[in-house]
Amino acid sequence: MPHTPVYIVCSPRPLVGKTMMARLMSEFLLLKQGAVAAFDINLKEPSLLEYLPAITETAEVDDTFGKMALMDRLIVNDGIAKVIDLGFHAFDEFFKMSDEIGFMKEAARRGVAPVILFVADTDRASARGFAMLQQQIPATAIVVVDNEFVLRGELPPAMAGGRILRIGALPVFLKTYISRLKFSFTDYLRHEKDSSTELHQWIRRNYTSFRELELSLLLQRS
Amino acid sequence: MTKPVVIVVGADKGGVGKTTVSRTLLDYFSANNVPTRAFDTESPRGTLKRFHPDITEIVDMTTTSDQMKIFDTLNSSSPSVTVIDVRAGLLSPALASLRDIGFLDAAKSGQITFAVFHILGPSIASLDEIAETANFMQGAKYFLVKNFINNTSFFEWDQATYNSYFHRIKDATELTIPKLNEMAYEQVEVASVPFLKFVANKGVRDEAANYSFVLRGYVRHWLANVWSEFDRIKLTDLVGSGKLGDRGEK
């Protein structure tokens, strides 16, 4: 049976584009596979649940009940891709728990493929968070997301050595446009007749990057 | 013939996690392929027997017949390792009984390897118990166990006072049992299986179970920490090499 991917979109910093990344990935997977299960672990930020209520459920890692409810779902190889929008406040606790319970090892045993999509930033918290991930997670399962709207320059050297996914910067007016709760990336692609618009090309570029990421992960496993 | 090993696990009061420590010992020996038998003195209930029914017998250590059952079979029986979970509050009386039947002399002379795991409570009474137990510990290995599984805080102890008691016992070794997630502990209790079986997701009769992956992970992590303490004190050497008591023989 093929592996079930679990994409964990994370950063120890707020407002770096995690939810936007999680939306993009969720809509891509929904388009490609017809089904996706998204989990929103956000307390204080714009929330995935508000954008994609039909496929998203809230989750928490503050107590054991919450951890069980989330992780016992993630570890199942059911063929339905999972996306987690991991709020910055939950970053440390999630990965501490993951390390303690042996999530990566158990996932590999069960045919579940976690992929950490770490949204990069230049501050110390991000550097510390990334270093922690490198100690815990195999390098092949970490993808650094270079959100050009946030980084506006080169990636920190420590984050530039492995797999990178670039999300181009949109002009501010388009960023505001896609931030509307009712906006859907896939619907835009389907209904916008002019495929030369900047937004159309941006979405397609990102979907293509995701497809390439999927393929590279598949090749790596085989 | 292998020298018999007797490990007594005791505490001065209930609820400090004595039987939990006994269970981790049995799992440790099982994982290290050390054949072990256990005696549960919580007669007639037997908490230890609930988790390790195949290797545990419930006994009443105050009766001669049960004392004979344990100690008369030491030299003749296999397995060679015997773990005795002594009822709370009865550690010193149990050790006094062992003294009276000549068991402590046998340990001192090197015929038997004898170890005591004294599970400490947070009150100052525990420290007095150490002093009392010290009288019985010649020729035996004495392990003082701070068990944090119940979220115990040992704040009542002044460090200098503790050190003065601790150093009264020659070769006393301190061990720490870390805290285990409460829900994980509870689930193991409900499942009534050894920690090792819970981690392996197995039921009472080795059938496949459906325990939470998260809780199994917490137990696995905790058990690994506990066992690393047992490795640190070279527990397998203790039960295998029989170095204790060589002093007496020589």
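Two strands count as paired if DSSP finds at least two bridges between them. Within this pair, A:Asp40 has A:Asp85 in β4(A) as its bridge partner. Strands of a sheet pair through backbone hydrogen bonds, either parallel or antiparallel.

Residues are numbered from 1 along each chain as its sequence is written, and chains are lettered from A and ligands numbered from 1 in the order in which they are written. The model being predicted, local features need pLDDT of at least 70 and side-chain atom pairs count only at pLDDT 80 or more, while totals for chains, interfaces and linings use all residues.

The model has an ipTM of 0.85 and a pTM of 0.87. For chain B the mean pLDDT (the predictor's confidence in each residue, from 0 to 100) is 83, and 85% of the residues of chain B reach 70 or more. Over residues 241-250 of chain B, pLDDT stays under 50, and the model has 18 contacts beyond four places in sequence for this stretch. A contact requires that the C-beta atoms of two residues, placed from the backbone, lie within 7 Å. Where pLDDT is low, the predicted coordinates should not be read in detail.

Chain A contains 10 helices and 7 strands. Helices (H or I, at least four residues) and strands (E, at least two) are DSSP runs, numbered from the N terminus. The C-alpha trace of chain A spans about 50 × 35 × 35 Å along its principal axes. The radius of gyration of chain A, taken over C-alpha atoms, is 17 Å, which agrees with the value near 17 Å for a compact globule of 222 residues; the globule rule is 2.2 Å times the number of residues to the power 0.38.

In chain A, an open sheet of 7 strands with parallel pairing has the order β3-β2-β4-β1-β5-β6-β7. Its edge strands, β3 (56-58) and β7 (163-167) of chain A, each pair on one side only. The twist from one strand to the next averages 25°.

In chain B, 7 strands form an open sheet in the order β3-β2-β4-β1-β5-β6-β7, and the pairing is parallel. β3 (56-58) and β7 (173-177) of chain B stand at the edges with a single partner strand each, so one side of each is left without a neighbour in the sheet. Within chain B, strand β1 (residues 5-11) and strand β5 (residues 113-120) pair in the parallel sense over 7 bridges, and the bridge partner of B:Gly10 in β5(B) is B:His118.

The axes of helix α1 (residues 18-31) and helix α10 (residues 213-232) of chain B come within 10 Å and cross at roughly 80°. Axes are lines fitted to C-alpha atoms, for helices over the stretch in contact, and angles run from 0 to 180 degrees between N-to-C directions. α1(B) and α10(B) are therefore roughly perpendicular to each other (65 to 115 degrees). Here B:Thr24, B:Asp27 and B:Tyr28 in α1(B) meet B:Leu223, B:Val226, B:Trp227 and B:Phe230 in α10(B).

The contact between the chains takes 10 residues from chain A and 10 residues from chain B. On the side of chain A that touches chain B, α3 (64-74) and α4 (91-101) of chain A each supply at least two residues, and α3(A) gives the most, with 5 residues.

Key:
Parallel < 35°, antiparallel > 145°, perpendicular 65-115°, else oblique.
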